[in-house]
Amino acid sequence: MPATNVLDTKSFCFVDLRQAMPELPEIEALRQRLAPSVVGRELLSITILKSRLIRPRIASDLNAALEKALIVGLDRRAKYLLFTLVDRQSRPQTLLLHLGMTGRLSWIANGDFIPKQTGALFFFESQSLVFEDVRQFGRIGICGAELDELGPEPLEAAFTSEVLQTRLAGSGQSIKTLLMDQTRVVGIGNIYASESLFLARISPFRPAKFLQSGEINRLHASIRDTLISAIDRNLRATELGGFPFYYSPNGKAKSVESPPEFNVYGATGRPCLSCGTLIQKRIQLGRSTFFCSACQV
Ligand SMILES: [Zn+2]
């Protein structure tokens, strides 16, 4: 393996634990960052330390299926990382990894200190990929029916404004709630739903069925702009190294940068960048929604 592909022990987690679960941009940036260091390598074995992360199989089955398998691809679907492998019998396998709310990946040298919250270790020659998950909402498994119900990918060319309109049509639910429904469109969570609606100047509380086609067009463009710029921001941040956490020598995660600034997300009480009205926060179906009451109607 070329030396340039050997990664240091910095974490791949891009999401501050104070924020929310990773969404499409964080996972896509993680995929792009991780792919060169895993594709083409043999996965020697998997050790599961938190069996709750394994669904639906049990840990020994997972390891038996993937021991000494060759990783030939790393893709993303919604918020899932999908490792394509060829097992010892030359059969294709897909390993699914979901970071849940607090999952993150990092590299350690084999034999090094194992971080306290490690849920799984993927052993390669000389290094291991560590999956930590404090709250254990993450998931590891052989890909099954998990992807069947998912909606379209918002950054694919096939996701047109008309597709968005069809996906939202007729629903009396609020537009923000629908954007976060992974069966309507994937990858958008609390952060990027709030940000996209701000850019589109649409109130997060509007019932989807009352949106005009011009508003849907704006929303479609805003979703894509928001996600693309967030992927870029995550990739730039990782060039600086392990944003926003890295491992200190004693294994404790330390924050090295402040969280990114959003237009409205987490900006309660700050003047709107567009009109100066103070950004508000309201709880909507148990989630915090951030918005400008003047810009978003
Ligand atoms: Zn405003």
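**Overall picture.** I began with the fold and found six helices and 13 strands in the protein chain; helices (H or I, at least four residues) and strands (E, at least two) are DSSP runs, numbered from the N terminus. I noted that this is a predicted model, where local features need pLDDT of at least 70, side-chain atom pairs count only at pLDDT 80 or more, and totals for chains, interfaces and linings use all residues. Residues are numbered from 1 along each chain as its sequence is written, and side-chain values use heavy atoms, with hydrogens and water left out.

I looked up burial next: 53% of the 297 residues of the protein chain count as buried (under 20% relative accessible area; exposed is over 50%, partly exposed in between, with a 1.4 Å probe and protein chains only). For contacts (heavy atoms within 4.5 Å) between residues at least 6 apart in sequence, I see that 65% join residues at least 24 apart.

**Zinc site.** I then turned to the metal. Which residues supply the protein donors of the zinc ion? They are Cys272, Cys275, Cys292 and Cys295, each through SG, at 2.2 to 2.4 Å from the ion. Donors here are N, O and S atoms within 2.8 Å of the metal (3.2 Å for Na, K and Ca); water is not among the atoms, so sites may look incomplete.

Cys275 counts as partly exposed because its relative accessibility is 37%, whereas Cys295 is buried at 15%.

**Helix α3.** I went on to residues 161-168, helix α3, where Ser161, Leu164 and Leu168 are buried. Seen down the axis of α3, these buried residues fall within an arc of 60 degrees, so they line one face of the helix; the arc is that of the directions from the helix axis to the C-beta atoms. On the other side of α3 I found Glu162 and Thr166 exposed. Just after α3, Gly170 has a positive phi of about 80 degrees.

**Ile191.** My last stop was helix α5 (residues 190-199), which holds Ile191. Ile191 counts as buried because its relative accessibility is 2%. I also looked at Val264, 73 residues from Ile191 along the chain: their C-alpha atoms are separated by 8.8 Å.
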